[in-house]
Amino acid sequence: MPENQYYIDSDKLSGEALAHKHRIEQDPSARTDHMAYLEGMERISSDIMEKVLGQMQGYDYGRYTDADVRRALGRETCSVEDFKALLSPAALPHLEEMAAKAKQETSRHFGNTVYLFTPLYLANYCENYCVYCGFNCYNDISRKKLTMEEMEHEMQVIAKSGMEEILLLTGESHKMSSLAYIGEACRLAAGYFRNVGLEIYPVNSADYRYLHACGADYITVFQETYDAGKYETLHLLGHKRVFPYRFEAQERAILGGMRGVACSALLGLSDFRRDALASALHVYYLQRKYPHVEYSLSCPRLRPILNNDKINPKDVHEKQLCQILCAYRIFLPYVGITVSSREQKHFRDGIVKIAATKVSAGVSTGIGGHEGRYSGIQEEDTGDEQFEISDGRSFGEMYGDMAAEGLQPVLNDYLYVS
């Protein structure tokens, strides 16, 4: 069966397709080379992946001592080596000091502001087999794709709440969520929101240029894990299997004219300390090569999904997550940090006072779910969700809670001058 024969609807899986699924799960030799580009994938000349992976592979966090951490905290500027010390287990006893230093950096560069946005899932069809994801092509879930009319109605509902930034997401299906479909979504969103973000399948730089012309301001791409060996065992089929093409998505987006890019690993898939290091270094090296671009980091932890008992997340507790976020802020003081609704209310309310600068609100990870959230009437025709959320506060609730904590909720920080 050809590698590009993807399976969109699990209700229609043939016996041949199921046999292929079993074969690629059990036999690594039946899979394509995860480091080899597929036809049509743009190759760019860049050494950033080599730098990031080299640093990650050589990272022995067990060798850092209490003295290394103290030196890192005592310096005005945090080097790569200092950052490695702050991510190490030796830094955990110094978490209060790290939090104080992170808060100082956040206040210096962002004041007491916190940015609010909401995601809108346009479709949950997918052509990839990623064993940890609720949208994967073999998962037996309810699939849905918003029509333009449904999409615009969702945007109207969200915009009416006062929200000014939206993140548009799709499953990774080139067939069901075509570039033209996403472009039309961007055009619609640009009419209702001041900032439009995209979290879609990686594309070539010319495609990013097209989406930017349609109204997209920034893109987010999760590398999921920067451990290429582990990545191979988790992404068994589809375009997403190609590790280097996904890694270079942010750089292609920059070449395509996007104003901002965001990087992230999904903590819990592999060694979280090495993945946290690689995520930050990805931004660090991009920032030095393209200083005019706005950068941000996310740090989601793996959450439960429908119909999956195969994934046992490596434990990343709140204390370790707080350590990572504080280390990010100290190492990259100018970079935005987003904390998603995967995290619980108490954690998000606390971390925005220390290191995070952006939070989601009014979240639905199903398809077409915002009408129900804002009206209180549960919609029947919604696709299944990608993962479970922990913080279900509405935009109004989140805005009020942030203001009550002495923070200044910000809905937009960018103005276009015609």
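Predicted model: local features only at pLDDT ≥ 70, side-chain atom pairs only at ≥ 80, totals over all residues.
Residues are numbered from 1 along each chain as its sequence is written, and side-chain values use heavy atoms, with hydrogens and water left out.

Helix 12 covers residues 272-289; helices (H or I, at least four residues) and strands (E, at least two) are DSSP runs, numbered from the N terminus. From first to last C-alpha, the 18 residues of helix 12 reach 26 Å, close to the expected 26 Å, where the expected span is 1.5 Å times one less than the number of residues. Of these 18 residues, 14 are buried (under 20% relative accessible area, with a 1.4 Å probe and protein chains only). At the N-terminal end, Asp271 caps helix 12, with a side-chain oxygen 3.1 Å from the backbone nitrogen of Arg273. The charged end of Arg273 sits over the ring of Tyr61, 5.8 Å from its centre (NZ of Lys or CZ of Arg within 6 Å of the ring centre and within 35 degrees of the ring normal).

The largest nonpolar core has 129 residues, and Leu168, Leu325 and Tyr328 touch the most other members. Such a core is a set of buried Ala, Val, Leu, Ile, Met, Phe, Trp, Tyr and Cys residues joined through side-chain atoms within 4.5 Å. Helix 12 gives the most to this core, with ten residues. Beyond four places in sequence, Tyr328 touches residues including Phe83, Ala276 and Ala280 (contact means heavy atoms within 4.5 Å). Ring pairs also link Tyr328 into a cluster with Phe83, Tyr284, Tyr285 and Phe331.

The whole structure has 14 aromatic pairs. Rings of Phe, Tyr and Trp (its six-membered ring) pair if their centres lie within 6.5 Å; planes under 30 degrees apart count as stacked, over 60 as edge-to-face and the rest as tilted. Lys21 lies over the face of Tyr138, 5.7 Å from the ring centre.

Asn136 lies in the loop between strand 2 (129-130) and helix 6 (148-160). Asn136 counts as buried because its relative accessibility is 4%. A polar atom of its side chain lies 3.0 Å from the backbone oxygen of Cys133, and one lies 2.9 Å from the backbone nitrogen of Tyr138.

Conventions: Buried < 20%, exposed > 50% of the residue type's maximum accessible area, 1.4 Å probe, protein only. Polar contact = N/O pair within 3.5 Å; in protein donor to acceptor, adjacent residues only side chain to side chain.
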